[in-house]
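Thanks for making time this morning.

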Protein chains: 4
Amino acid sequence: MLSFESDYTIGAHENILNRMQEMNLIQQKGYGGDVICESAKEKIRKACECPQAQIHFLTGGTQANATVIASVLERYEGVVAAHTGHVSTHEAGAIEYTGHKVLEIPGHDGKIKSSELKAYLETYWQDGNHEHMVFPGMVYISHPTEYGTLYSREELEEISGICREYDIPLYLDGARLGYGLMSRDTDVTLPVIARCCDMFYIGGTKVGALFGEAVVFTRGNMPKHFLTMVKQQGGLLAKGWLLGIQFDVLFTDGLYFQISKNAIEMAERLKEGLEERGYRFCLKSPTNQQFIILENKEMENLREKVAFSFWEKYDESHTVVRFATSWATGSEDIDSLLELL
Amino acid sequence: MLSFESDYTIGAHENILNRMQEMNLIQQKGYGGDVICESAKEKIRKACECPQAQIHFLTGGTQANATVIASVLERYEGVVAAHTGHVSTHEAGAIEYTGHKVLEIPGHDGKIKSSELKAYLETYWQDGNHEHMVFPGMVYISHPTEYGTLYSREELEEISGICREYDIPLYLDGARLGYGLMSRDTDVTLPVIARCCDMFYIGGTKVGALFGEAVVFTRGNMPKHFLTMVKQQGGLLAKGWLLGIQFDVLFTDGLYFQISKNAIEMAERLKEGLEERGYRFCLKSPTNQQFIILENKEMENLREKVAFSFWEKYDESHTVVRFATSWATGSEDIDSLLELL
Amino acid sequence: MLSFESDYTIGAHENILNRMQEMNLIQQKGYGGDVICESAKEKIRKACECPQAQIHFLTGGTQANATVIASVLERYEGVVAAHTGHVSTHEAGAIEYTGHKVLEIPGHDGKIKSSELKAYLETYWQDGNHEHMVFPGMVYISHPTEYGTLYSREELEEISGICREYDIPLYLDGARLGYGLMSRDTDVTLPVIARCCDMFYIGGTKVGALFGEAVVFTRGNMPKHFLTMVKQQGGLLAKGWLLGIQFDVLFTDGLYFQISKNAIEMAERLKEGLEERGYRFCLKSPTNQQFIILENKEMENLREKVAFSFWEKYDESHTVVRFATSWATGSEDIDSLLELL
Amino acid sequence: MLSFESDYTIGAHENILNRMQEMNLIQQKGYGGDVICESAKEKIRKACECPQAQIHFLTGGTQANATVIASVLERYEGVVAAHTGHVSTHEAGAIEYTGHKVLEIPGHDGKIKSSELKAYLETYWQDGNHEHMVFPGMVYISHPTEYGTLYSREELEEISGICREYDIPLYLDGARLGYGLMSRDTDVTLPVIARCCDMFYIGGTKVGALFGEAVVFTRGNMPKHFLTMVKQQGGLLAKGWLLGIQFDVLFTDGLYFQISKNAIEMAERLKEGLEERGYRFCLKSPTNQQFIILENKEMENLREKVAFSFWEKYDESHTVVRFATSWATGSEDIDSLLELL
């Protein structure tokens, strides 16, 4: 059966598995203190044009978000995020479980507006009573967002500027970062992100790895004893070099970018085909996730031959569904899908 | 100086202090296991027409909210509240500190709408992904709300009905409950609240006591080992009988209702005077808090002679301010204030 | 019935109640920002000979411990305490509830030994694996201890010296501090404590107040936004001036010391009487708590006429019980008790 | 260089990597809802002779401990463990981070004694004040322990009996379970463990897998919404089938037991060689970890050619070191090591 359900339903790029085979029986230091992790970090630093970057590899996105947020924030601080942000809605309260509030501001197709962020911070600090409120201690954005949308470089710089004005770190969730960077409609590069953000993560799980996210602190601002806090939250992998291998391979010869580009090309091919066939888009996404409005009956029929995701009810007789391409999608997959439509 | 700043700026009704004097040197059991607490509980059960009510006294509102919510919710559950609810905004993240998310839905002058609550719960349970989300495990309302507004009996019954349909307990924050019950525009009584809610608290701090809130569980649903959890959250008063005395006095011969009524009468007198003088109300409040729009200059002048609260910016040249009457406000206070306006 | 059950079974010194009556209807600022609190703090600073002390009043001992510990520690740190310390055993896990471990070391009649503390810290830092362990971030002692025992000035200075050597703050739980300071067998004064400790609290609940503990930070080290964290833990009293009044009265004309001295005198009188009658002491306590070994039958008989505390089983036929005197114990109470023995 | 540093310094059994290669590009359901996980679970149920077992795969030991403990315990409960237990000392406070106390009782070469456990529980419940204490809500043991020691079947049954008498679940940490089961000196089998324990985990990370631990609930007692709590603690792996593959391979044709046996044989060979050479053992371990007392100079010399672990200081001139064999240790490794000694 065809599957466009998500970008994490299959394994890893073959180079990764091959490298794992090669390294399998070589003794390594535990907990990420090995030479492969060091090599991977160095490659990421170069790709980010950020020689001072401090990097730690974690196994998944929720773990990365919860660990970064809970280790950076003071106890009396919360994280500002779009009300549609992954940390706001789809992490089973992982942030609150660490004792911190997600301070929700409006999301617009997944993005926050710099003007609304500024207004939020201004109002907060003007409130005479703000010592009885949660302090905004970090700003969270995702890029691409949960809706596949992207910030422009200008938007990112504006948000970054406001964060610096208010002395609040900016954190970017890059679960699907590769697909954002290789979009045809973006002027945002990895170095731009490293300059604008105080920390971010480069997603591996959805972009060619078996699992793994590379958390990057860009300004010497990795919290003291970060490793201990990772352990405390249950995220310290004994064989940390497994994460090192994956990012080392992905950042060798631009593999991360190259395979991300494939997902974008497949998404564009899908978009064209859908447009030709007159399908209605719920949202213009420049990345690998496409949101289409289907008539319910048609959706049910299609479901028998293709896996895709329910997104939300559109109206009584229509539903928004999501088709996701990935680093591994082949053009024959797109063609087969289009034939069914 | 005249003060209409809040309803917790002075001490307690004289009967309470007198009773404290009388009981001061009598040996009592610790931690609320004394006979005075028992007497107070029995009087509250009667006033609520709820013989099975289980009651525990705590010292303040944030403590009551955090203790009740954190002891009733399962770990994977959050509390649904208006985005303007006290637990959502003005408790310094006390709920999140216990690991639980406040699931914010729209507030309308401080109130939630039963239709929006129902839609929220429906959408949540229809979401195929809801196991990755925080479960709605309790509904929080305040009565009077943070804006001085009140639910009607019908509204309360509707909300209660939805909660029971979805098997979610309803919790009412009654920090200013007396002022709500004695409003001229209400059909909600204490027994109505006890029937509609699974738990609520009767506020003492703002209604005649030095401090103290009576938490009431209405259906034999006080969580097992509640006292231990109160201790764990630092809220167990060694001399618990001090709380017992205050509620015993307040619920003797209807004192709680009688002094609450005074606050309402003073608020109505103030409202009339303000209307006569042509002041603009930001909000029609039927309780002891009145929200007026003042021109900024006028506000600054007034501030020299009267204490009141900044509420929020209205526009560039106007501000919303709050005047609060209380159980102890005298008619001469109102007259003096009106003379200044 | 005679009661020697505890030192928190009756109310407050009459001066406190009188002062409450006087101030009852005077408008005060909320949350401890009032002039009475300021006056009380100034008196405490003088009594401590610590002009830079930062002081915050809380309502009870567990609340004080949990709030201080959780606001001072970093996330990856725990508090070192005797295995018999109040925070280790009798606070229902209030410290762990805030996410911090109590790192237990041996207690000797309630006291920690400086040599064992030093060894613990040394071993910890020598362990190559210590990043996988909880960092010792604070040392907790109680004075008097849970067993009524006292540190000598020399012992206190030694512990303090080790803490400073390892750059770890020293926190002293003074729930019964007055009784320690007025013991006949002590060379520890309030200024000594202020010099040796980074923070401590002066207990009011057990020493003449209705409730209240004065938390003292001695070196400009009150954590930033402490008030917000107090609120977050549910410990911010709306009418904070009630705490101010109590400490203001207790630290006027040495009342705190004078009433503490009474408890000591009564305890000494009791000790003498018990010794004369040949009772066995489980522990030589120089403060207001006395631990006696009673034959079980005798204990049961005595219980009909006197309230006292079960402490622990001694052997099959004997039990350790505790008699506590207090600021309010009269010599006639002691005489009546001795007559019964 | 020879390495006996730990049992988690290399990769996985080749069958696992081969299976990963085979399955790599096959679409799977996310979050462990796939058919490979189901197959692995079924094989584990059979090996445990526990058809009703509920199983969830997690990525590491600390994560497994923190997730199981925090999802099973009530808020007011703690977990009883040896003071040397992994959860007590080497998990960076991961248990306390979830709000729960580790209630430490004595460890004897890593093991708890059933008599001491019984005494602890008895004393707790006899204490009139136990509502002010953390309730013992679970018993944690490790098998093999952190010292390589093993419980006998009788000991396990006694501990289990006490737990059932006090209605407290028994949890066994099996990070190195295979090495325990294949010891020459054990009468404990997987079915015995499944019968005695309410939950336990079968360690993969240290026994042939890249990573992964299989948490087994033996009595239909997996907490409601366990998956949501796993997500909340950041432990839900998107590609859960990676865990499924590893356990499916390990429990095919007894591979888990067969490779565990190798570690034991190598350890016995090492033991013999050490004994012949007159080395002093700190501890008689029947499993894959051997603890030897080395003279410091000798230790330093050896370190240049062999990797091993510092365990603890023995005296001024001697140190306890640990040599660990694993599923992958070859007899030539042992011979090379012995030649160096």
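Across the interface of chain D and chain A, 26 residue pairs are in polar contact, both residues at pLDDT 80 or more, where a polar contact is a pair of N or O atoms within 3.5 Å, one able to donate a hydrogen and the other to accept it, and residues adjacent in sequence count only if both atoms are side-chain atoms. The model is predicted, so local features need pLDDT of at least 70 and side-chain atom pairs 80 or more, whereas totals for chains, interfaces and linings use all residues. Residues are numbered from 1 along each chain as written, chains are lettered from A and ligands numbered from 1 in the order written, and side-chain values use heavy atoms, without hydrogens and water.

Between chain D and chain A the count of salt bridges is zero, a salt bridge being a side-chain nitrogen of Lys or Arg within 4 Å of a carboxyl oxygen of Asp or Glu.

The area buried between the two chains, that is, the accessible area (1.4 Å probe) lost on putting them together, summed over both, is about 3,900 Å², with 56% from carbon and sulfur atoms. In chain D, D:Tyr97, D:Gln232 and D:Lys239 lose the most area to chain A, together 18% of what that side buries.

Turning to the rings, the whole structure has 66 aromatic pairs over all chains, counting rings of Phe, Tyr and Trp (its six-membered ring) with centres within 6.5 Å, stacked under 30 degrees, edge-to-face over 60 and tilted otherwise. C:Phe217 and C:Phe226 are edge-to-face, because their centres are 5.3 Å apart and their planes at 75°.
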